[in-house]
Amino acid sequence: MMELLMSIVIGVLTACGVLMMLRARTFAVMLGLTMLSYAVNLFIFVSGGLTAGKGAVLGRSDIYSDPLPQALVLTAIVIGFAMTAFLVILAIRARADLGNDHVDGNSGKSQEDSA
Amino acid sequence: MTLFWILLMPLFGCLMALAARQWSRSYQALVVALFPALALALLVPLIPDVLAGEVIRYGFAWLPLLGLNFSLQLDGLSLLFTLLILGIGLLVILYARYYLSTRDSMPRFYAFLLLFMLAMLGIVLSGNLLQMWFFWELTSISSFLLISYWSHQPDARKGARMALTVTAAGGLALLAGILLIGQILGSYELSEILPQTAKLQQHAAYPVVLLLVLLGAFTKSAQFPFHFWLPNAMAAPTPVSAYLHSATMVKAGIFLLARLYPLLSGTDLWFLTVTLTGLSTLLVGAYFALFQHDIKGLLAYSTISHLGLITLLLGLDTDLAAVAAIFHIINHAIFKASLFMTAGIIDHETGSRDMRKINGLWGFMPVTATLAMVASASMAGVPLLNGFLSKEMFFTQTIHQGVLGSLSWLIPVLATVAAIFAVAYSARFIHDVFFNGQPIGLTKTPHEPPRYMRVPMEILVALCVLVGVFPELMIGSLLQQAAVAVLAAPPPAYSLAIWHGLNVPLLMSVVALIGGILLYINRKALFMFQAGFNETKAIYRFEAFIQRLVRRCRNSIEQIENGSFQRYILLLLLALLALAGAPLLELQQLRGQRAALPFDGLVIVGAILLIVAAVATVMVVRQRLLALVMISVVGLMVSLAFVRFSAPDLALTQLSVEVVTVVLLMLALYFLPHKSVKQSSSGHLVRDFTLASAIGVVVGSLAYAMMTNDSASISSYFLQNAKSGGGGTNVVNVILVDFRGFDTLGEITVLGIAALGILKLLTGIPRFMASADGEGRLWSKDRHPLLLAVISQALLPLALIVSVYIFFRGHNLPGGGFVAGLITAVAMILQYVAKGVDWVKPRLKVEYSTLIAIGILLATVTGLASWLFDRPFLTSWFDYFDVPLIGQIELASAIAFDLGVYFTVVGASLLILANLGKITTRYRPVHKEPS
């Protein structure tokens, strides 16, 4: 039943990430994106099925966990970091240039509301 | 190969025109004319072979996967057009030398003209449809440039835009048609598709193909109802009109019809569409030509009419109709080009093109008048001139066809009506311009043009007469071979004689001549009638239409793209929800067959912690520091999840990235407002919450379905081959550096680019720094904490050793370049945190951007090295060696690749953080050491 638990975790992480990405302040969007990266990484990771206590190192056990999603996620983590970093710096630069931290750069006077 | 050079000559000429801009005008014209002349000289030796029925080909593979070859072919039809393009082109170059005033830029004109010539030659010499289309579009573009040559005139700009819009739109339709032909017949090579007539015509998509191709041809050849751009293109300099709008470009559409004649013609759809379009164009053009007051306007409508005549011929179902069409292409090009040149001379010498002002020029320029009279007699179809011969052939064909069934008799009748109008407007051109009283209100006194300006006209008019009197001798064999190319078979016997005896076509000619003269004499009534129409000019309607279109597009774009980032995200997420949710609706049951793992107390606790932390992050998102703490808990729990579910590599990576990310976000907090000001309205919150929950449910369900269902995976391949093929037992690492090494190379490149982008964003950042934090407290002026400084310094060598260890064991045990790089980066960042940028910088003289470059270069070179051994890019090598004392060790080229990954990761992480940190230091109140 570990699968059920894992799906709930992924669902909650996704929902929290999406909710924060829809906020109007850059900081919330950054956290949302980070959270969504966790969710997506876990999602890809579990696509090979859950295996407990068996790595993907040859000769250590009879059954191996699926190495392919792990390889995908490993690079995804690093690329995700690069993307988050870029977004963070972009937000800092936007604040410095525009004087506010609204995602539209207009101090929250757009049609949409702000958080 | 000669063909290739012929095609290239205009290109050289185009460049030469630009290079020779300092020379005198005559030399410029001479040097430009040299290239088409050279092309002609290259062409001449090929002519006997082509006339003997040979098809000369040249080509090489260009993009063979797309079916796009560079392929040239010269058959009878191509030869005919090539001669027209080069021959008339040469005459136009000479003519333009005298036509253009000293204020006009000659290099620009000649460059555009030669560019156009290149495009035209490209069309007629192409042996590949896609390639032909490329040149087809090039003619549209170069004609746009030529029409708008006098860009200071609004008429020229508008006319050019209209011509481009209409012909380019047709060009797109043609491209669609060509692509369909390629799909159906499996090739774009003319030599391969032309024999497959039956296959194409039996295909269900044939009507679509035909209509698309016809759209392309009709827009280009100004067929009704797309004819309106041609009169408006008369704003172009007259040499351009003589060249593009009578002899060449408008014939491109006709050429296409002739080129694809064997493939597309022969069906009822073809006969009906082409015949009716040609017939209506013939009538519309002839009728409106009579009422134009602008000489060039008259010639433009007459051109439309003659293009309609040729199209009509191509649509008739008689054997000789195609031959007549080709014959008329030649004749029309010759007499119409000379008439346009007349118009240019008149414009040049009188300063006006209005036939209500220009009268009685016979007294001022008798030679030009004589030449013009011969040419327009040819246009009217007077015997002993070339126009008469093809018109007779045309009449003969209209009598023998049966395209419209029992209504087929209408075609010869309407053809005669059009011919009556043709005689009338030809008569008007002569009578109104050269006789009919004296000039009214001209600014210049007209006189004969410079001697050499008249030479091109003289040559063309001489051709009119020579072809008219000795047709067989002049063009007999050329016509024969062109007909062979169009019909893809030898045409039935025909005679080019002047006299065929007393027959119906001759009667039709006589009726047309007499009727036309009578019509012209009684024109007053018709002019009154025509003046009764309150017609707006096509150009205004067209402009209004375009402006309406632009306005609507702008409005609808503003509707969708309103500048709100939140809205874009919302729309994207909605789309995602629909795409990801739809398959779930079709799935009967989420739970699959795979055996489930049992619950485990520790995992439950971890999951609850994770969920609580995630929810808490959302709750406290406005207290930013607290939110940051919460999200780091989430990250930690995710790393633990990787540990628990057998992914040690991932856990190591996630843990190190977590540290770097949190440090980064802390630094970001320093620059951003420390508190959020406003709250979302409840309505928006409910909406966002609903959407977020829906996506969470869908993604969670998908994950559950994925985990519980067995699926075929390619992973077993990697498990089986990791040791034997990649020389490592850590399959994850072997996949990264070996099996999917190319992906990894791409990813570290992205990492490097992101880091450099960040560097760029941070340089020159305006100073925007709060002097206090959110609660109004000033920044701490404490020194860097001593304890942390000491411990971090002690930790550094240890951490470096660990990262080296992790790096080397990576191939066989959890670890590798990514993890090792991150550990090194974390250890370094700790130094920055503990002692500040100012302390670290002088002690660590490493340029991080260089480090990134070294890393990517190392990985690439490792990949390239396999080429030295004739292996594909990134093939890895490994072997085992016995080293005394240490024992057996393994050396693998993947280690070098992984080292590249290591350098890039270290460089990128430190570049980002150190530079951001540096800015905080620069603006912070400087701390002074107590002395």
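Predicted model: local features only at pLDDT ≥ 70, side-chain atom pairs only at ≥ 80, totals over all residues.

**Salt bridges in chain B and their setting**

Mentor: B:Asp75 and B:Arg259 are both buried. The side chains of B:Asp75 and B:Arg259 form a salt bridge, at 2.9 Å from N to O.

A second pair is B:Arg161 with B:Glu543. The closest N and O atoms of this salt bridge are 3.0 Å apart. B:Arg161 lies in helix H7 (residues 154-185) and B:Glu543 in helix H25 (residues 538-560) of chain B, so the bridge ties together parts 382 residues apart in sequence. B:Arg161 counts as partly exposed because its relative accessibility is 41%. B:Glu543 has 9% and therefore counts as buried.

Next come B:Arg353 and B:Asp294. Their side chains meet in a salt bridge at 2.9 Å, N to O. Both ends are in loops: B:Arg353 between helix H17 (321-350) and H18, B:Asp294 between helix H15 (268-289) and helix H16 (295-315) of chain B. They are 59 residues apart, and the pair links distant parts of the chain. B:Arg353 is partly exposed, at 23% relative accessibility. B:Asp294 is partly exposed too, at 24%.

Charge also gathers in a group. B:Glu448, B:Arg451, B:Arg454 and B:Glu458 are linked in a network of salt bridges. Over all chains, the search of the whole structure finds 15 salt bridges. Side chains of opposite charge can pair when their charged atoms come close.

Now the boundary with chain A. Across that interface the rule finds 2 salt bridges. B:Arg624 makes a salt bridge with A:Asp101, with the closest N and O atoms 3.0 Å apart.

How much area goes into it? The size of an interface is often given as the accessible area lost when the parts come together. Chain B and chain A bury about 9,300 Å² between them, and 76% of that is on carbon and sulfur atoms. In chain B, the residues that lose the most area to chain A are B:Gln566, B:Phe645 and B:Met707, together 8% of what that side buries. In contact terms, 112 residues of chain B meet 89 residues of chain A.

On the chain A side, look at helix H1 (residues 2-21). H1 has 20 residues and reaches 28 Å from its first C-alpha to its last, close to the 28 Å expected. Of those 20 residues, 17 are buried, so H1(A) is largely enclosed by the rest of the structure. A:Cys16 counts as buried, at 8% relative accessibility. B:Cys553, in chain B, is partly exposed at 40%. The structure holds 0 disulfides over all chains.

Back to the fold around the bridges. Chain B has 38 helices and 4 strands. Of its 931 residues, 54% are buried. Among its contacts between residues at least 6 apart in sequence, 78% join residues at least 24 apart.

B:Leu384 gives a local case. B:Leu384 is placed in the loop between helix H18 (366-380) and helix H19 (386-400) of chain B. From B:Leu384 to B:Val467 is 83 residues in sequence and 8.7 Å in space, C-alpha to C-alpha. Leaving out residues up to four places away in sequence, B:Leu384 touches B:Val465, B:Gly468, B:Val469 and B:Ile498.

B:Gln530 lies in helix H24 (residues 523-531) of chain B. B:Gln530 counts as buried, at 10% relative accessibility. The side chains of B:Gln530 and B:Tyr287 make a polar contact at 2.7 Å.

Last, helix H33 (residues 741-762) of chain B. H33 has 22 residues and spans 32 Å from first C-alpha to last, close to the 32 Å expected. Its buried residues include B:Gly741, B:Glu747, B:Leu751 and B:Leu762. B:Gly764 follows H33(B), with a positive phi near 70 degrees.

Key
Residues numbered from 1 in each chain as written. Chains lettered and ligands numbered in written order. Heavy atoms only, no water. Disulfide = S-S within 2.5 Å. Buried < 20%, exposed > 50% of the residue type's maximum accessible area, 1.4 Å probe, protein only. Helix = DSSP H or I, 4+ residues; strand = E, 2+ residues; numbered from the N terminus. Expected span 1.5 Å × (residues − 1). Contact = heavy atoms within 4.5 Å. Buried area = accessible area lost by both parts, 1.4 Å probe. Salt bridge = Lys/Arg side-chain N within 4 Å of Asp/Glu carboxyl O. Polar contact = N/O pair within 3.5 Å; in protein donor to acceptor, adjacent residues only side chain to side chain.
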